[in-house]
Amino acid sequence: MLALANAFVLLKEGLDMKRAFPVFAFLASLVLGGCSNFDAEWDRRLHTPPLDLFDGCWKGEWRSAVNGHNGDLRAIVTLTGDSNYSIRYHALYGPKALPIPFQYTLDSVKVGREGEVFKIEGAIDMGLFGKYSYDGQCVGDSYKSTYISEYDRGVFDLKRAGKLLPPAGGGKK
């Protein structure tokens with residue numbers, strides 16, 4: 001989502017469509033090819049008890065503070081080790097009638113915890129689309145985060161998807 005948004009900014013700033021089309025076609029094939037994989041994982045995880053209060057499926061929207069763009073956003077949070085998580089995002093960008101899907105994964109995210117508050121911060125280098133930093137927290141059924149890049153800044157506003165099932169094996173609460 002963020003990468004495609006930045007690609008549209010590059011188009012607006014003068015990159016001609018003849019040169020940009022092959023890039024968009026390649027990105028679209030990568031993005032669309034992974035959608036069914038995300039959906040399958042989403043369905044599986046939606047019916048699996050979380051390992052803790054952050055682990056699991058989250059659903060909401062992203063909003064740009066720069067240009068007002070927004071779209072649907074889903075996240076699959078997976079506890080991978082002691083205080084380490086993988087966060088897989090799937091976002092929609094563009095018009096509601098024909099949205100463009102985009103996904104990316106934050107691997108090895110170190111998450112701090114103070115009581116029932118999970119604190120997330122870090123940065124990811126998205127190559128051609130630059131470096132993004134993020135800062136957020138999860139409290140109960142609410143997961144909010146801000147993001148900042150060279151081209152954009154905004155928020156992720158998510159709520160737990162589905163019912164919170166009892167933790168697997170009586171896991172950490």
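The structure, a predicted model, holds 11 aromatic pairs, where rings of Phe, Tyr and Trp (its six-membered ring) pair if their centres lie within 6.5 Å, and planes under 30 degrees apart count as stacked, over 60 as edge-to-face and the rest as tilted. A pair of aromatic rings is described by the distance of the centres and the angle of the planes. F102 and Y104 form a tilted pair, with 6.0 Å from centre to centre and 45° between the planes. Both residues of this pair are buried (under 20% relative accessible area, with exposed meaning over 50% and partly exposed in between; 1.4 Å probe, protein chains only). The relative accessible area is 8% for F102 and 13% for Y104. Y147 and F156 also make a tilted pair, at 5.3 Å centre to centre and with 40° between the planes. Y147 is buried, with a relative accessible area of 2%, and F156 counts as buried at 5%.

R74 lies over the face of W42, at 4.9 Å from the ring centre. A charge sits over a ring if NZ of Lys or CZ of Arg is within 6 Å of the ring centre and within 35 degrees of the ring normal.

Residues are numbered from 1 along each chain as its sequence is written. In this predicted model, local features need pLDDT of at least 70 and side-chain atom pairs count only at pLDDT 80 or more, while totals for chains, interfaces and linings use all residues; side-chain values use heavy atoms, and hydrogens and water are left out.

The chain has two helices and eight strands; helices (H or I, at least four residues) and strands (E, at least two) are DSSP runs, numbered from the N terminus. From the N terminus on, the order of elements is α-α-β-β-β-β-β-β-β-β.

Strand β3 covers residues 84–93, and eight of its 10 residues are buried. Strand β2 (residues 70–81) runs antiparallel to β3 and is joined to β3 by eight bridges, two strands being paired if DSSP finds at least two bridges between them. Within this pairing, L79 stands opposite Y85 of β3. The hairpin of β2 and β3 has two residues between the strands, and S83 there takes a positive phi near 65°. β3 also pairs in the antiparallel sense with strand β4 (residues 100–114), over nine bridges. P101 in β4 is the bridge partner of L92. Six residues lie between the strands in the hairpin of β3 and β4, where G94 takes a positive phi near 105°.

S145 lies in strand β7 (residues 142–148) and is buried, with a relative accessible area of 5%. The side chain of S145 reaches the backbone oxygen of D135 at 3.3 Å. Leaving aside neighbours within four places in sequence, S145 is in contact (heavy atoms within 4.5 Å) with Y134, D135, G136, G154, V155 and F156.

Over the whole chain of 173 residues, 40% count as buried. Among contacts between residues at least 6 apart in sequence, 50% join residues at least 24 apart. The chain exposes about 9300 Å², of which carbon and sulfur atoms supply 58%; accessible areas come from the Shrake-Rupley method with a 1.4 Å probe, and for residues only the protein chains shown count as cover.

Note on methods: Polar contact = N/O pair within 3.5 Å; in protein donor to acceptor, adjacent residues only side chain to side chain.
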